[in-house]
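Visitor: Please give me a close look at a single part of this model. Pick one element, take it end to end, and then follow it out to its surroundings.

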Amino acid sequence: MIKMAPKTTRCCSVPSCGKTQSLHCLPSDPNIRKEWMNFIFNVDPDSISKNLVLCSLHFTVDSVTNKSQFDAGFSERLKLKDDAVYNIYYGSHHTVV
């Protein structure tokens with residue numbers, strides 16, 4: 001019998017968050033990526049995991065392109081604008097979702 005590796009659930013990389021909804025991969029633009037790294041780690045680390053993600057709770061409504069479609073059920077996940085940068089630490093009352 002072949003054993004399958006357990007499926008791991010990705011969660012938000014911001015310390016004390018850990019949410020699993022509307023996760024967003026790191027941006028390809030190096031300047032915006034650096035801002036995300038500073039948000040997560042308070043520094044720009046030398047090496048990072050390819051699995052780092054931020055959840056939608058760290059972005060304001062103006063950072064997404066499809067909020068109304070998402071709310072109406074026409075989209076399964078929120079889509080960030082290309083230049084979206086975090087705005088909110090976990091626990092703030094100004095959240096997208």
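Guide: A polar contact is a pair of N or O atoms within 3.5 Å; within protein, one must be able to donate a hydrogen and the other to accept it, and residues adjacent in sequence count only if both atoms are side-chain atoms. Helices (H or I, at least four residues) and strands (E, at least two) are DSSP runs, numbered from the N terminus.

Residues are numbered from 1 along each chain as its sequence is written, and side-chain values use heavy atoms, with hydrogens and water left out.

First, the setting. The chain has two helices and two strands, in the order β-α-β-α along the sequence. Buried residues (under 20% relative accessible area; exposed is over 50%, partly exposed in between; 1.4 Å probe, protein chains only) make up 35% of its 97 residues. Contact means heavy atoms within 4.5 Å. Of the contacts in the chain with a separation of 6 or more, 58% join residues 24 or more positions apart.

α1 runs over residues 30-41. Its twelve residues span 16 Å from first C-alpha to last, close to the 16 Å expected at 1.5 Å a residue. That expectation is 1.5 Å times one less than the number of residues. Just after the helix, Asn42 has a positive phi of about 65 degrees.

Next, its two sides. Ile32, Trp36, Met37, Phe39 and Ile40 are buried in α1. Viewed down the helix axis, these buried residues fall within an arc of 160 degrees, so they line one face. The arc is taken from the directions from the helix axis to the C-beta atoms. An α-helix has 3.6 residues a turn, so residues three or four places apart point the same way. On the other side of α1, Pro30 and Asn31 are exposed.

What does the buried face meet? The buried residues of α1 pack against β1 and β2. They also lead to the core. A nonpolar core is a set of buried Ala, Val, Leu, Ile, Met, Phe, Trp, Tyr and Cys residues joined through side-chain atoms within 4.5 Å. The largest one holds 22 residues, and Val14, Trp36 and Leu54 touch the most other members. α1 and β2 (53-55) each supply at least two residues of this core. The largest share, five residues, comes from α1.

Trp36 deserves a stop. Beyond its neighbours within four places in sequence, Trp36 is in contact with His24, Cys25, Leu26, Pro27, Leu54, Phe59, Leu80, Ala84, Val85 and Tyr86.

Take His24 from that list. It sits in strand β1. With a relative accessibility of 4%, His24 counts as buried. Its side chain reaches the backbone oxygen of Ser22 at 3.1 Å.

Ser22 lies in the segment before β1. At 11% relative accessibility, Ser22 is buried as well. Its contacts outside four places in sequence are Leu54, Cys55, Ser56, Phe70, Arg77 and Leu78.

Arg10 is in the segment before β1 too. It is partly exposed, with a relative accessible area of 37%. Arg10 and Leu23 are 13 residues apart along the chain, and their C-alpha atoms are separated by 8.2 Å. Among the contacts of Arg10 beyond four places are Leu23, Cys25 and Val53.

Past β2, His58 is in the loop between β2 and α2. At 0% relative accessibility, His58 counts as buried.

Last, confidence. pLDDT is the predictor's confidence in each residue, from 0 to 100. The chain averages 79, and 81% of the residues score at least 70. Over residues 91-97, pLDDT stays under 50. Where pLDDT is low, the predicted coordinates should not be read in detail.

Conventions
This is a predicted model: local features need pLDDT of at least 70, side-chain atom pairs count only at pLDDT 80 or more; totals for chains, interfaces and linings use all residues.
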